[in-house]
Amino acid sequence: MKQSVRAIFVPQLDVNDVEMELVSWTVEHGASVASGSELCVLETAKATHDLCSEHSGVLYRVAGVHVTVRVGEVIAWVGESLAAVETHLASTAGSPDSEGAVENDSGTELRITAKARKLIDRHGLDAEAIERVGAVLKEKDVRRYLETSGDGGPAASAGTLPERIEQLVDREGALSRSVAAMARHLAETRRDLILATVETEVVLGRLPEGGEKCSEEHLLSTVVRTVAGLLGEFPLLKSFSHAGELIRYRASDIAVTMLDEDHASRLLAPVLRGADRLDVQQTSRRLAELRASIGAGELHEEEQLGACFTITMLEGLAVTRFTALQNRYQSAALAVGSPREVVISKDAGFESVQSVSLTLSYDHGLCDGFYAGGFLSRLEQALKSELD
Amino acid sequence: MLPRDPDIGDGLLAQAKRSGSQIARFWQSDREIVVCGRSNEPDRECHLDVCHARAIPVVTRRGGGGTVLLAPGMLVLSMAGACGFPARPRLAFERINAWVQELLRDGGVVGLTARGTSDLCLGNRKVLGCSLSFSGGCLLYQGVLLVNTRIARIADVLRHPSREPEYRAAREHDEFLTTLTEQGFAGSVEDWIDRFQQRFEARAPLPLAATAPISAPHKTRQYKTRQYKTRQSVCRQQADLSRA
C-alpha cells in the first residue's frame with residue numbers, strides 16, 4: 001500500500017495576516033487523528049481558530065506551542081506512522097523547499113538540517129542546548145531559540161535579569177505585537193545586508209537678514225523629487241539582494257516616513273508612486289494628501305508597500321543628523337536633517353547660510369562607498385541648484 | 001490549565017453547531033470574574049493574590065485577546081452561529097461590531113468609533129472589547145460593554161495587559177476605559193439587555209449558512225448557572241434554510 005504523507009499548513013485567515021500564534025496542540029505527537037478532528041488552536045488579532053485536519057493518520061508535530069508561525073508554514077505532518085513521515089522528510093531533504101540535507105552533529109547522535117546548521121554556525125550556538133520538536137533539529141527550532149534567548153548567546157531563561165538590574169527596573173510587560181513585529185522585521189533586514197553610510201552637508205544658500213529658513217515641507221518635496229530622478233542613474237540603490245539574487249525595482253516609487261500623531265505616534269511610510277514623473281509642486285501636493293489620509297485614519301496597507309527607496313526627515317525636531325534604517329526589500333534609505341543656520345567664512349568675513357545634512361544608508365554588499373558617495377554628490381549638486 | 005466556563009462560551013458554540021441556528025445571550029454578572037484569553041498567562045495578566053483573597057474565579061474563554069474582568073455594570077454579549085463565510089476574523093469583527101454600533105446609536109449613544117483590532121471607543125477611551133473563536137464552521141463572538149461599572153475595580157484586579165493596541169499608548173485602565181454613564185449616556189444594563197434581545201430577534205448580525213438539516217424547531221431554553229447565579233436570558237433565532 002502506498003504510504004501518503006500530508007503536510008498541515010498554517011491557513012490564511014485574513015488577507016493581511018502573515019503570522020499568528022500557535023496557542024496549543026489538541027493532539028499529542030504520535031497520536032492518531034481523524035479527518036475533521038481538531039489539531040491545534042491558532043490565534044491572530046484577538047480571534048482563535050481551531051485548525052482541523054483534512055486527513056486521517058498519525059500526527060507528526062513540527063511546531064511548538066506559544067510560538068509564532070507564518071501563513072503557509074508547515075506545522076505538522078499526517079502519515080500512516082511517525083516512521084513513514086520521517087522517511088518522507090528524509091527523502092525530500094534535497095528539494096528546494098526543504099530544510100536541506102540532514103546530517104549528524106559531529107560526535108553526537110543529534111541530527112540537524114542544513115539550514116539549521118547554517119544558523120547555528122552563524123550565531124555560534126551549541127546545537128545540544130537547543131530544544132527541538134521532533135527527531136531532527138530544524139531551522140525553526142533554532143529561530144525559536146534565538147527569539148527566546150535574545151542575542152543567540154548561551155541560553156537564558158526568558159525574563160531573567162541580573163539581580164542588581166532587577167532591583168532598579170519595573171517590568172512593563174511584553175512588547176506589543178506591532179513593536180515586536182517591527183523589531184523582527186528590522187532584524188531580518190539587518191541580517192541580509194551590510195549597513196554602511198555616507199554623509200554630506202548641503203548648503204542651501206545665504207540666509208538674508210531676518211529671513212526664514214527653507215521650509216521643511218518644501219525641502220522634503222524637493223529631496224523626494226530629486227532622489228526619484230537620480231535613481232535611474234544609480235540602479236543599485238533601487239535594488240536589494242534576496243536569496244543570493246539581485247532584485248531591481250522597475251519603478252521609482254519612494255516611501256516617505258510620516259508620523260501618525262493620532263495613533264500613538266506610530267511611524268508610517270506611505271509610498272509616492274512614480275515619484276520621478278512628478279514635479280516638486282505635485283510631489284508636495286501628493287505628500288499633503290498622504291498626510292491627510294494618515295490623519296483621517298484612511299491610509300491603506302497597500303499604500304505602504306512596494307517602495308524602492310525610503311526618505312526620512314524628522315520634521316519639527318531639532319535633529320540635524322541621523323541614520324535611517326533600510327526597510328525590508330530595500331537596500332537604501334536617506335536621512336534628511338533639519339535645516340539649520342550655520343556661519344561660514346567667506347572672503348574676508350562671515351556669512352549666515354542654511355545647511356542641511358544628508359545621510360545615505362546603503363548595502364555595502366551591493367555597492368561600495370564610491371558608488372553611494374557618487375549618488376550623494378549628485379544629489380547635493382542638484383539640491384543646491386534647485387534650492388539656492 | 002484554567003477551567004473553561006461553558007456558559008460563557010463553549011456551551012453556546014456547541015449548541016449553535018448542533019442546531020445550525022444563531023444563538024445569543026446578553027447578560028450581566030452579579031459578581032466579579034476574571035476571564036483570560038485563550039493564550040493568556042493568568043499570573044501575568046491579573047493579581048492572583050487579590051483574586052484569591054476576594055474569591056474571584058479565574059477562568060479562560062475560547063476566544064483570543066486579553067484578560068477582562070466581568071463585574072456588575074457590564075453587559076456581556078455572547079453570540080454564536082454559522083459563519084456564512086470562511087473564517088475571516090477582521091470581517092466578522094467589522095460586521096458584528098457594526099451591528100452593535102448601530103444598535104447603540106439608535107439608543108442614543110453618539111460618537112462611537114472603531115479603534116484597534118475590534119474595540120469600540122468614545123473619544124479615545126474604550127467602551128467595548130470583544131473576541132472571536134472559530135470552530136467547525138461556526139463562530140463565537142464574546143464582547144463586554146461597559147455601561148455603568150466602576151472602572152477602579154478593574155485596576156485592582158488586572159495588571160497592565162501584556163499586549164495592547166497602539167492607540168492605548170500605555171495608558172492605565174482608569175485612563176483608557178470609560179463607561180456609557182460616565183460619557184453621559186443614560187440606560188441601565190437591564191435596559192440595554194432588552195434592546196439587544198429585541199434587535200437580535202428582529203435582525204441578527206450574522207448571515208446564516210446551510211449546515212446539517214434542521215429537523216424540528218428548537219425550543220427556547222433558559223440557562224441558569226450554578227456557579228455565578230447570573231441574570232441572563234437566551235435568545236435564539238430559527239435558521240431559515242430556505243433563504244440560505
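Colleague: What should I know before I start?

Modeller: The model is predicted, so to speak of local features we need pLDDT of at least 70, and side-chain atom pairs count only at pLDDT 80 or more, while totals for chains, interfaces and linings use all residues. Residues are numbered from 1 along each chain as its sequence is written, chains are lettered from A and ligands numbered from 1 in the order in which they are written, and side-chain values use heavy atoms, with hydrogens and water left out.

Colleague: In which order do the four strands of the open sheet in chain A stand?

Modeller: Helices (H or I, at least four residues) and strands (E, at least two) are DSSP runs, numbered from the N terminus, and two strands pair if DSSP finds at least two bridges between them. Here the order is β1-β8-β6-β3 of chain A, with antiparallel pairing. β1 (6–9) and β3 (32–33) of chain A are the edge strands, each pairing on one side only. Four bridges link β1(A) to β8 (residues 74–79) of chain A, and Ile8(A) sits opposite Ala76(A) in β8(A).

Colleague: What lies across β6 and β8 of chain A?

Modeller: Helix α1 (residues 82–91) of chain A does, running at about 55° to β6(A). The axes are lines fitted to C-alpha atoms, for helices over the stretch in contact (heavy atoms within 4.5 Å), and angles run from 0 to 180 degrees between N-to-C directions.

Colleague: Which strands stand at the edges of the sheet in chain B?

Modeller: That open sheet has three strands in the order β3-β2-β4 of chain B, and its pairing is mixed. β3 (58–60) and β4 (68–70) of chain B each have a single partner strand, so one side of each lacks a neighbour in the sheet. From one strand to the next, the twist averages 35°. β2 (residues 33–36) of chain B pairs antiparallel with β4(B) over three bridges; Val34(B) has Leu69(B) as its bridge partner.

Colleague: How many residues lie between β21 and β22 of chain A in their hairpin?

Modeller: Two, and Asp347(A) in the turn has a positive phi of about 55°. Seven bridges join β21 (residues 340–346) to β22 (residues 349–363) of chain A, and Lys346(A) stands opposite Gly349(A).

Colleague: How do I read the size of an interface?

Modeller: It's often given as the accessible area lost when the parts come together. Buried area here uses a 1.4 Å probe and is summed over both parts. Between chains A and B it is about 2200 Å², with 46% from carbon and sulfur atoms. Asp14(A), Lys46(A) and Thr48(A) supply 28% of what chain A buries against chain B, more than any other three residues. In contact are 28 residues of chain A and 29 of chain B.

Colleague: Which element gives the most to the lining of the largest cavity?

Modeller: On a 1 Å grid over the protein atoms alone, a cavity is a set of points where a 1.4 Å probe fits but cannot get out, and lining residues have an atom within 4 Å of a point. The largest cavity holds about 100 Å³ of space, and β13(A) gives the most to its lining, with three residues. Among the lining residues are Phe240(A), His242(A) and Asp363(A).

Conventions. 1 Å grid on protein atoms, 1.4 Å probe; cavity = no way out; pocket = protein on both sides within 12 Å on 5 of 7 lines; lining within 4 Å. Points joined across faces, edges and corners; volume = space filled by probe spheres on them. Buried area = accessible area lost by both parts, 1.4 Å probe.
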